[in-house]
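Hi,

Here is the structure I promised to pass on.

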Amino acid sequence: MYMSYVLDFLEQEDEESFILTTDADVVFTPDSVEALLDLMTRDQSIGAVCARTHPMGDGPLVWYQVFEYAIGHWFQKAAEHVLGSVLCAPGCFSVFRCRALADVLPKYSRRVETPFDFLTKDMGEDRWLCTLMVQSGWRIEYCAAAENSTNCPSQFEEFYKQRRRWVASTLANLMLIVKEWRYVRMLNYGVPVIFLMYQGLLLFSTLIGPSTIILVVSVLGVRGFAVFCLYVSQQTQLRVAKVYTFLYAIVMTAVVVGTAVQIVTDIETGTTQSSAQSNGSTTTTIGPPSEHISIDIPVSVATLYFGGLVAIFLLASFLHPREAYCLVHGVWYLLCLPSGYLVLTIYSICNITDSSWGELWSIVGKYAGAK
């Protein structure tokens, strides 16, 4: 209704008319708005620009999101911006071109008719809006120079309910983009084939994420939680999810310790082999050779993978020196990987018909009913 009022009644559809969307709790500066508008005025094909969002709050769950938001913007938003187009300009702080909104408003305002429409539209309105804009030929960009801060969920229940919607909406809209890639490519020249290949790979990795975690954790435990989600209330589900998060964090701690021991062993083996070669000794293999890639590369695959992962994060932090502190909270993210990629996914699927927005909106609803 607000969009129709602005675009139809006020007739604000010219090239220099824009709408700034923001939440009530978002903190930003005029310089950030100016940075967003600067990108919009440079290129008339840009339909929206989003900014770098920093979560505010205290506690382990907030620290987890500090790292998650950082890598999400450093890698995901930046990659989409470079390869083609960002697929979601969050409603918390973004600038939209009025003419671009007018192009998609008729389809955006249609009622939900199918289950897939429910997932793409009702579970994430801002992502659905951006999907329509990309399909209509508009590009969406990411501006790291524009920053804002917003309160993120600090309670476990609120966080899970928020991500329940985000998981469903992200997957549904991503599947829609990949499914209609020929149509999107034909109408949007700013979306090259490599971008669509990247999104297809991202969708594939997201879909196999839970199965990858299952290879590490107990299958019986996963089945048990799925049964809980099908037969008990959401409040009970969330209590059980807390327990699973704690137990899987302990498992991940053991995995991290085991990986650290393997890395130390590889380093000692490499050092010993280097010393032996420099002294002319023929003893070149120490430790179990089956764990090493080869005699010339005396490290395990786990060490090589972990080292490459750390190198990527360190490189990203060097490119974002003011945000390098986010890496400190990577430990919380690592320990909660099973919860975020497995338990949360099961919870989202089992409650896929629930479109409520979490604890805050429940309180508002109760207050409104009491009044």
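First, the ground rules. This is a predicted model, in which local features need pLDDT of at least 70 and side-chain atom pairs count only at pLDDT 80 or more, while totals for chains, interfaces and linings use all residues. Residues are numbered from 1 along each chain as its sequence is written, and side-chain values use heavy atoms, with hydrogens and water left out.

On confidence: pLDDT is the predictor's confidence in each residue, from 0 to 100. The chain averages 83, and 84% of the residues score at least 70. Two stretches need some care. Residues 282-290 have pLDDT below 50, with 10 contacts in the model beyond near neighbours in sequence; contact means heavy atoms within 4.5 Å. Over residues 364-371 pLDDT also stays under 50, and there the model has zero contacts beyond four places in sequence. Where pLDDT is low, the predicted coordinates should not be read in detail.

Now the helices. Nine of the 11 residues of α6 (residues 125-135) are buried, so this helix is largely enclosed by the rest of the structure. Buried means under 20% relative accessible area, exposed means over 50%, and partly exposed is in between (1.4 Å probe, protein chains only). The buried set in α6 includes Arg 127, Trp 128 and Gln 135. Just after α6, Gly 137 takes a positive phi of about 105°.

α6 has α7 alongside: their axes come within 10 Å and cross at roughly 10°. Axes are lines fitted to C-alpha atoms, for helices over the stretch in contact, and angles run from 0 to 180 degrees between N-to-C directions. From α6, Arg 127, Trp 128, Thr 131 and Gln 135 meet Ser 169, Thr 170, Asn 173, Leu 176 and Ile 177 of α7.

Ser 169 is worth a click. This α7 residue is buried, with a relative accessible area of 3%. Leaving aside neighbours within four places in sequence, Ser 169 is in contact with Leu 119, Thr 120, Met 123, Gly 124 and Arg 127. Leu 119 and Thr 120 are among the buried residues of helix α5 (residues 115-122), and the buried residues of α5 pack against α6 and α7.

α7 (residues 156-179) also packs with α3 (residues 60-83), at an angle of about 30° and with the axes 11 Å apart. Among the α3 residues in this contact are Tyr 64 and Tyr 69, and α7 brings residues including Phe 159 and Trp 166.

Last, the cysteines. Taking a disulfide as a pair of cysteine sulfur atoms within 2.5 Å, the count comes to zero. Cys 229 has its closest cysteine sulfur in Cys 350, at 4.5 Å, which is too far for a bond. Cys 229 is buried at 4% relative accessible area, and Cys 152 counts as buried too, at 10%.

Cheers

Conventions:
Helix = DSSP H or I, 4+ residues; strand = E, 2+ residues; numbered from the N terminus.
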